[in-house]
Amino acid sequence: MADPQTPAWLRPIIITSTVAVVLIGGFSAAKKLAAFADDLAPSDTNVSGVVPGLVVDFVVAPGSVARDIAAQLAAAGVIADADLFEAAVEDVGAASSLKAGAYELVSGMELNEIISVLARGPAAESYRVTIPEGLRLDEILTLLAAETPHTREELEGALTDGLASSLLPEGATTIEAWEGLLFPDTYEFAADGSARAVMLKLAETMELRVESVDWTKLEALGLTRYDAIIIASLIESEAKLDIDRPKIASVIYNRLDIDMRLQIDATVLYAMGKRGIGLLLSDLEIESPYNTYLIDGLPPGPIGAPRLASLQAAADPLASDFLFYVLTNLDGTHSFTASYDEFLVFKNQAKDDGVLP
């Protein structure tokens, strides 16, 4: 099939620091803030009419009152109902406690969480970390250990010490179970935040992204959301351009439908723990549940962290009869076909053109 991509993690990693002013009161303010969260029931959620999981940069101007903030939140797509938010603020007596400043909110947040964030005020100091798409769990942990105040052991411990995700396979307790379940994105973390807060942000963002996708077609095939993440990770490993993602998805589903092995090179590289090398014929015989040249169906888990476009392609593959694809252009474009003979023609032409070795 297609040659493995140049590893995404080699791309530059953008780390910046930002400083904002924070005004936090004393002990009584902390008690009051805790009371806000207690007074709001967990059921006071904000989902209707809002696309969940979108990161929104939100600014509260000095002098803004609860009604102004509610209207701005609704206009920004963070909440669905400005009146409901304003009423929730009044109910817990937080109207005078919402602080001006710049915030990073997520659409679909619970109302109590938004109120608590705005009552705490903007973070005193923060830093940004970019997690490139397609990274494996080991690579993400290595990157975070280098670019956050936390050690590798602290980050791993945060994942295995009861951190929850609706996407985890049932009964999963090992660090390996988190493969593919941490969303690749640019994040801003409080400088004094914990390792658990870092890992929770990545895990919750993946949950929100998965929830934002329409999985109707996949569920009709009897596949689970976890299966979808596996498929999305395969698409991520193979596609260089967004236009090819639904096509590669169609190849995967078409092969699964006729019990044809997927034969994806990236799964062999994952089994080998390597990247960016050409495979030998002997490599295709490596005994591993991830070697899709030897196993039937999907590998047992994801092979990297997929972006939203790969999740969307897994949910909505192109309707086609494609069974083969190969990289045929230096710009990253693949050619697709239902014929093995035509696949060989494409492959030989790609070699002649210097696209493939």
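Relative accessible area classes a residue as buried under 20%, exposed over 50% and partly exposed in between (1.4 Å probe, protein chains only). The model is predicted, so local features need pLDDT of at least 70 and side-chain atom pairs count only at pLDDT 80 or more, while totals for chains, interfaces and linings use all residues. Residues are numbered from 1 along each chain as its sequence is written, and side-chain values use heavy atoms, without hydrogens and water.

A search of the whole structure finds 14 salt bridges, each a side-chain nitrogen of Lys or Arg within 4 Å of a carboxyl oxygen of Asp or Glu. One of them joins E211 and R225, with the closest N and O atoms 3.7 Å apart. This pair links distant parts of the chain, E211 lying in helix α7 (residues 195-211) and R225 in helix α9, 14 residues apart; helices are DSSP runs (H or I, at least four residues) numbered from the N terminus. R225 has a relative accessible area of 28% and is therefore partly exposed.

D296 forms a salt bridge with R261, the closest N and O atoms being 2.9 Å apart. Because D296 is in the loop between α11 (265-272) and α12, and R261 in the loop between α10 (245-257) and α11, the pair ties together parts that are 35 residues apart in sequence. D296 counts as exposed at 58% relative accessibility, whereas R261 is partly exposed at 34%.

Within helix α6 (residues 152-160), R152 and E156 are four residues apart and so separated by about one helical turn. Their side chains meet in a salt bridge (2.7 Å, N to O). A network of salt bridges links E236, D242, R245 and R307.

Methods. Helix = DSSP H or I, 4+ residues; strand = E, 2+ residues; numbered from the N terminus.
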